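Here is a short briefing for a reader who is new to this structure. Please look over the sequence and the model before reading on.

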Amino acid sequence: MPELVSPTRMNLLQRKNQLRVALQGVDLLKRKRDALVAEFFQVVRQALEARDRLNAACERAYIILSLAKAVEGRQALEAAALVERRPVLVDIEIRNIWGIKVPEVRVQRIRRSFLERGLSPTAVSMRTLESTEAFERVLDAILEVASTELRLRKIGEEIKKTTRRVNALEQVVIPRIRAEIRYINDVLEQRAREDVFRLKRIKKKLESRQG
């Protein structure tokens, strides 16, 4: 409510300064939002490509697995899967985009050579080895999808937050400050008119006494 503001010149200067800062804030937030939207669409393309690679890797891997299962049998495949288990290590780097910390997952090497898998060439078939390699590709693709979709979600949340701030400034804060400035200006102008009128009356009285 502008009427709650004390209509003084000091408050007028303060409101004008607040308006200038708010307008600068809107401009800065809009530039930040535009940069985030550009980054968002770039990551969307990466995410879609990563999804395509994952789907292709899964399709190929399950075909190879089905063939291996049909020929070698389930138990042989499960026995091969239990050999040389290992943790999957990832590095998380934090990238700064307009002050936002966006995590980027760097996957360490997933696919291994034949010797690194610890399988005996005399104990497993070529189909089992192909199946192992195919699912390592699937795991690689899953981690790539996780990385891109994590960035996508983080940037999307920040775009929403920035848009809410812009709307609050444009639709609430700036109109309120402008209304307060108009109110103070109106009151000060009214006071100035009253002062002029009062001075004219005093001057007129003095002139009548002298006459």
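Predicted model: local features only at pLDDT ≥ 70, side-chain atom pairs only at ≥ 80, totals over all residues.

Strands E1 and E2 form a hairpin. The largest pocket holds about 570 Å³ of space.

**The hairpin**

- Strand E1 covers residues 90–97.
- Strand E2 covers residues 100–107.
- The two strands run antiparallel, and 8 bridges join them.
- There are 2 residues between E1 and E2 in the hairpin.
- Trp98 sits in the turn, with a positive phi of about 50°.
- Val90 belongs to E1, and Val107 in E2 stands opposite Val90.
- Ile94 has Pro103 of E2 opposite.

**The nonpolar surface patch**

- Four residues make up a nonpolar patch on the surface: Val88, Val90, Ile92 and Ile94.
- Together they have about 350 Å² of accessible area.
- Why does Val90 count as partly exposed? The relative accessible area of Val90 is 36%, and the partly exposed class lies between under 20% for buried and over 50% for exposed.

**Salt bridges between strand and helix**

- The model has a count of 13 salt bridges.
- One of them pairs Arg95 with Glu39, with the closest N and O atoms 2.9 Å apart.
- Glu39 is buried, at 9%.

- Lys161 and Glu158 meet through their side chains in a salt bridge, at 3.7 Å from N to O.
- Both residues lie in helix H3. They are 3 residues apart, about one turn of the helix.
- Lys161 is partly exposed, with 35% relative accessibility. Glu158 is buried, with 10%.
- Arg176 and Glu180 form another salt bridge, at 3.4 Å from N to O.
- Arg176 and Glu180 are about one helical turn apart, because 4 residues separate them in helix H3.
- Arg176 is partly exposed, at 39% relative accessibility. Glu180 is buried, with a relative accessible area of 6%.

**A salt-bridge network**

- Which residues do salt bridges with shared partners join into one network? They are Glu39, Arg95, Glu104 and Arg151.
- The Arg95 and Glu39 pair was described above, with closest N and O atoms 2.9 Å apart.

**Two further positions in helix H3**

- Arg165 is found in helix H3. At 41% relative accessibility, Arg165 counts as partly exposed.
- The C-alpha atoms of Arg165 and Val26 are 8.3 Å apart. Along the chain, these two residues are 139 residues apart.
- Lys160 is also found in helix H3. Lys160 is exposed, with a relative accessible area of 56%.
- Between the C-alpha atoms of Lys160 and Leu36 the separation is 10 Å. The two residues lie 124 residues apart along the chain.

**The largest pocket**

- About 570 Å³ of space lies in the largest pocket.
- The lining of this pocket has 21 residues.
- Which of them are the closest to the centre of the pocket? They are Leu77, Ala80, Ala81, Thr132 and Phe135.
- Three helices each supply at least two residues of the lining: H1 (9–72), H2 (74–81) and H3 (126–210).
- H3 gives the most to the lining, with 6 residues.

Terms used: Residues numbered from 1 in each chain as written. Heavy atoms only, no water. Patch = residues over 30% accessible without salt bridge, like charges linked within 9 Å, V, L, I, M, F, W, Y side chains within 5 Å. Areas by Shrake-Rupley, 256 points an atom, 1.4 Å probe, with all protein chains shown as cover. Buried < 20%, exposed > 50% of the residue type's maximum accessible area, 1.4 Å probe, protein only. Pairing = 2+ DSSP bridges. 1 Å grid on protein atoms, 1.4 Å probe; cavity = no way out; pocket = protein on both sides within 12 Å on 5 of 7 lines; lining within 4 Å. Points joined across faces, edges and corners; volume = space filled by probe spheres on them.
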